[in-house]
Amino acid sequence: MIPRSLLFGRGLALSHAFSNQNASTVHQQLSMTAWNLRSSLRNIRTLSLMSLWPFNVKPRDFSLPNASWRPEMSKAYEYYNALCEIEGDEKRRLWRKLPSYNRVLKYTTGGVYLSKIIQSKARLFTRNIKEPGAAFEYVVFMNKQEKRCVCVFQAGHLLEGPPGHVHGGAVATMIDSVMGTLAGYMSGPVMTANLNINYRSPIPLGSVVLLHSALDRVEGRKFFVTCRVTSTDESKLHTEATALFVSVNVGHLFGTRF
Ligand SMILES: CCCCCCCCCC(=O)SCCNC(=O)CCNC(=O)[C@H](O)C(C)(C)COP(=O)(O)OP(=O)(O)OC[C@H]1O[C@@H](n2cnc3c(N)ncnc32)[C@H](O)[C@@H]1OP(=O)(O)O
């Protein structure tokens, strides 16, 4: 005959034990169950660490200064970084420098559309060129209280569009990324539903600009965001944009929502 514990699992096996065995055997069984539970929890913890491999080492923060930065980039960085370091209660600081990685680590194991090979090779568009200074060099400074952020952006030589100037798509990429970062910071996961851009004056290749983004209003799941791209002294307007971001649940990103 098949033992009852194998048919109904440990819970039912224990109730069976209560009715048939003496107290010391029951105590022994309870201790064993607790030990098994602890060991299972240890295994789950080990598994969850393994599932992050190879990302359980500290990822590289791409928003730190490097040798490719022009003095203008370093100067703007230092200006906003100093705002982040103003003495005071950490929680009450207005400005924060956001770290920037080449993957959104939380989502490494998701994505029903992606094969394992593509998943392991996926990298954030703006952080996928290894040569420092060749493409998108940028740092985002967030001011949650004022619902705005500033991005210091140095456009590298691989972003050429018109000769000697930055490609409009590269500008749009940065605008979308910075506005999306702001909307996401305020609300959790979002996707761009609508993006309108007016290009006012071309951005010279290799130059440093600021992207000023602000949350205009929120209507339910809809986040309306603005963005202005200016020279670092803010005297020249390069680009203006407005966008709508819609907050989504993680299932939407993985195509698993119903
Ligand atoms: C750390 C690194 C950070 C990097 C940040 C990078 C940010 C980059 C962001 C992106 O580039 S996302 C990629 C580009 N975007 C997409 O691929 C989105 C494709 N579209 C969708 O997935 C869906 O259409 C969307 C999530 C936007 C909306 O679908 P839902 O089914 O969730 O919502 P629904 O269609 O019910 O719309 C919700 C509301 O938004 C409104 N809406 C949606 N799309 C709209 C649109 N295009 N224009 C105006 N309104 C729009 C819609 O009318 C409705 O308004 P009401 O609530 O008032 O009825």
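User: What share of the contacts in the protein chain with a separation of 6 or more is accounted for by residues 24 or more positions apart?

Analyst: In this predicted model, that share is 65%.

User: How do you know that the span of helix 5 agrees with its 20 residues?

Analyst: The expected span is 1.5 Å times one less than the number of residues. For the 20 residues of helix 5 this gives 28 Å, and the end C-alpha atoms are 28 Å apart, so the two agree. After helix 5 comes Gly188, with a positive phi near 100°.

User: Which residues of helix 5 are called buried, and why?

Analyst: They are Ala170, Val171, Met174, Ile175, Asp176, Ser177, Val178, Met179, Gly180, Leu182 and Ala183. Each is called buried because 20 or more other C-beta atoms lie within 10 Å of its own. These residues pack against strand 2, strand 3, strand 4, strand 5, strand 6 and strand 7. Of the 258 residues in the protein chain, 20% count as buried.

User: What makes a set of residues a nonpolar core, and which have the most contacts inside the largest one?

Analyst: Its members must be buried residues of the listed nonpolar kinds, joined through C-beta atoms within 7 Å. The largest such core has 41 residues, and Cys151, Val152, Val178 and Leu211 have the most contacts inside it. Helix 5 gives the largest share of this core, 8 residues. Leaving aside residues up to four places away in sequence, Cys151 touches Tyr138, Val139, Val140, Val178, Leu210 and Leu211. In soluble globular proteins, nonpolar side chains tend to be buried together.

User: Which residues come nearest to the ligand, and how does the shell around the ligand divide?

Analyst: Of the 16 residues around the ligand, Gly180, Met191, Thr192, Ala193 and Asn194 come nearest. Helix 5 (168–187), strand 4 (190–199) and strand 7 (237–247) each give two or more residues to the shell. The shell divides into 6 nonpolar, 7 polar and 3 charged residues.

Methods:
Residues numbered from 1 in each chain as written. Predicted model: local features only at pLDDT ≥ 70, side-chain atom pairs only at ≥ 80, totals over all residues. Near = placed C-beta within 6 Å. Helix = DSSP H or I, 4+ residues; strand = E, 2+ residues; numbered from the N terminus. Nonpolar A, V, L, I, M, F, W, Y, C, P; charged D, E, K, R; others polar. Buried ≥ 20, exposed ≤ 12 C-beta atoms within 10 Å, placed from the backbone. Contact = placed C-beta atoms within 7 Å.
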